[in-house]
Structures are given as structure tokens and as C-alpha cells.
Amino acid sequence: PMKNMIKIVKQIRWSMGHRLVKDYPHKCKNAHGHEYLAEIEIGRKELDQYDFVIDFSIIKKKLGKWIDDKLDHGFLCCEQDNEMIEFLEKTNQKHYVIKENPTAEIIAKLLFDKGNELIGGITKVTVWETPNSYAIATC
């Protein structure tokens with residue numbers, strides 16, 4: 001066993017729309033979209049039989065597939081955004097509903113929790129909403 005933790009990072013990109021509700025007063029209250037970039041960090045004290053922390057392809061197959069299925073080219077909605085949810089359902093548009101406002105912070109937490117459920121060992125998730133703005137969820 002190694003003394004130190006070894007970490008790897010896998011990047012996943014997707015496009016998604018959202019808007020902020022809860023009486024948010026600024027321009028992000030309008031429906032808009034981003035090309036998101038998530039950096040998924042996984043750390044272990046011991047490498048596997050192939051000398052990996054984890055095979056990068058496992059992250060893509062599990063968390064990447066979940067992002068593709070649930071978020072990519074869809075709309076992330078706060079459960080309080082009844083008008084948007086009704087519109088998206090009526091027009092058969094892809095969407096995913098969460099309890100909170102769909103901020104970068106909440107998306108990072110969502111992917112941190114979902115990644116640990118699907119893969120385990122995730123130590124940090126960074127979600128870039130724009131090239132110069134990101135949020136981090138960590139343990």
C-alpha cells in the first residue's frame with residue numbers, strides 16, 4: 001500500500017438549459033443554456049490490479065451515461081418552476097427536476113452525490129458553468 005492518495009480526474013462536457021427561480025432578481029431568471037464542464041476527481045490509497053485508481057472508461061460508462069441520459073440537451077428545473085415544467089412536459093421536452101435552484105453549486109453537489117452512488121470514491125467535483133466561473137463539491 002502507498003502512503004499517499006493517488007487521484008485522477010475525468011472531464012465530462014454537456015449542454016443544458018436552466019433558469020433560476022425563487023424570486024431571483026437578475027438575468028439568470030431567464031431561460032438560457034451553457035456548455036458545462038464537470039471535472040470528476042477520484043482518489044484511492046491503493047491502485048487496482050491494473051495499477052489504476054479507476055479506469056477512465058468506467059467513469060464515462062456510468063456517470064457520463066447518466067449525464068447524457070438525464071441532462072445533456074435538456075433543461076434542469078427547480079421543482080418550484082411549475083410553469084416551465086408544465087411547458088416542457090406539454091411539448092415533450094427533455095428535462096430533469098431537482099429540489100433546489102439549478103446553480104453551479106447544486107449541479108456540482110448533484111454530480112458528486114450521483115457519482116458516489118454510481119461509482120464511489122469521488123473526492124471532488126468541479127462544475128464549470130462558464131470558462132471563468134465554477135463551483136466545487138468536495139468531501
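Is H73 buried or exposed? In this predicted model, H73 is exposed, with a relative accessible area of 63%, and its position is in the loop between α1 and β3. The phi angle of H73 is near 55°, which is a positive value in a residue other than glycine. A second residue with a positive phi is N92, for which the angle is likewise near 55° although N92 is not a glycine. N92 belongs to the loop between α2 (82-90) and β4 (95-98), and at a relative accessibility of 71% N92 counts as exposed, because the threshold for that class is set at over 50%.

The overall architecture may be described next. The protein chain contains 3 helices and 6 strands, and, read from the N terminus, these elements follow the order β-β-α-β-α-β-α-β-β. The C-alpha trace spans about 55 × 30 × 25 Å along its principal axes. Of the 139 residues in the protein chain, 40% count as buried, while the accessible surface comes to about 8,500 Å², with 50% of that area belonging to carbon and sulfur atoms. Among contacts between residues at least 6 apart in sequence, 62% join residues that are at least 24 apart. With regard to charge, the protein chain carries 21 positive and 21 negative side chains, and the centres of these two sets lie 3 Å apart.

The pairing of the strands involves β1 with two partners. Strands β1 and β2 run antiparallel and are joined by 13 bridges; within this pairing, S15 stands opposite E35 in β2. Strand β1 also pairs with strand β3, which covers residues 74-78, but here the sense is parallel and the pairing extends over 3 bridges, with G17 standing opposite F75 in β3. Towards the end of the order of elements given above, β5 and β6 form an antiparallel pair joined by 6 bridges, in which the bridge partner of T126 in β6 is I136.

In soluble globular proteins, nonpolar side chains tend to be buried together. The largest nonpolar core of this model has 29 residues, and those with the most contacts inside it are W14, I40, I42 and L111. Contributions of at least two residues each come from β1 (6-18), β2 (32-44), α1 (56-70), α3 (104-118), β5 (122-130) and β6 (133-138), and α3 gives the most to this core, with 6 residues. Apart from this core lies another, of 5 residues, among them C77, M84, I85 and L88. The surroundings of W14 can be given in detail: when residues up to four places away in sequence are not counted, W14 touches H34, E35, Y36, L37, A38, I67, L71, D72, I107 and L111.

H34 has its place in strand β2, and H34 counts as buried because its relative accessible area, 15%, falls under the 20% limit. Leaving out residues up to four places away in sequence, H34 touches W14, S15, M16, H18, E129 and T130. The C-alpha atoms of H34 and S15 are separated by 5.8 Å, although these two residues are 19 residues apart along the chain.

L37 likewise has its place in strand β2. Its relative accessibility is 10%, and L37 therefore counts as buried under the 20% limit. Beyond its neighbours within four places in sequence, L37 is in contact with Q11, I12, R13 and W14, and also with T126, V127 and W128. A further relation across the chain is that between L37 and E129, which are 92 residues apart in sequence but 6.9 Å apart in space, C-alpha to C-alpha.

Note on methods:
Residues are numbered from 1 along each chain as its sequence is written. This is a predicted model: local features need pLDDT of at least 70, side-chain atom pairs count only at pLDDT 80 or more; totals for chains, interfaces and linings use all residues. Side-chain values use heavy atoms; hydrogens and water are left out. A nonpolar core is a set of buried Ala, Val, Leu, Ile, Met, Phe, Trp, Tyr and Cys residues joined through side-chain atoms within 4.5 Å. Buried means under 20% relative accessible area, exposed over 50%, partly exposed in between (1.4 Å probe, protein chains only). Helices (H or I, at least four residues) and strands (E, at least two) are DSSP runs, numbered from the N terminus. Contact means heavy atoms within 4.5 Å. Two strands pair if DSSP finds at least two bridges between them. Accessible areas come from the Shrake-Rupley method with a 1.4 Å probe; for residues, only the protein chains shown count as cover. Lys and Arg count as positive and Asp and Glu as negative; His and the chain ends are not counted. The place of a charge is taken as NZ of Lys, CZ of Arg, CG of Asp or CD of Glu.
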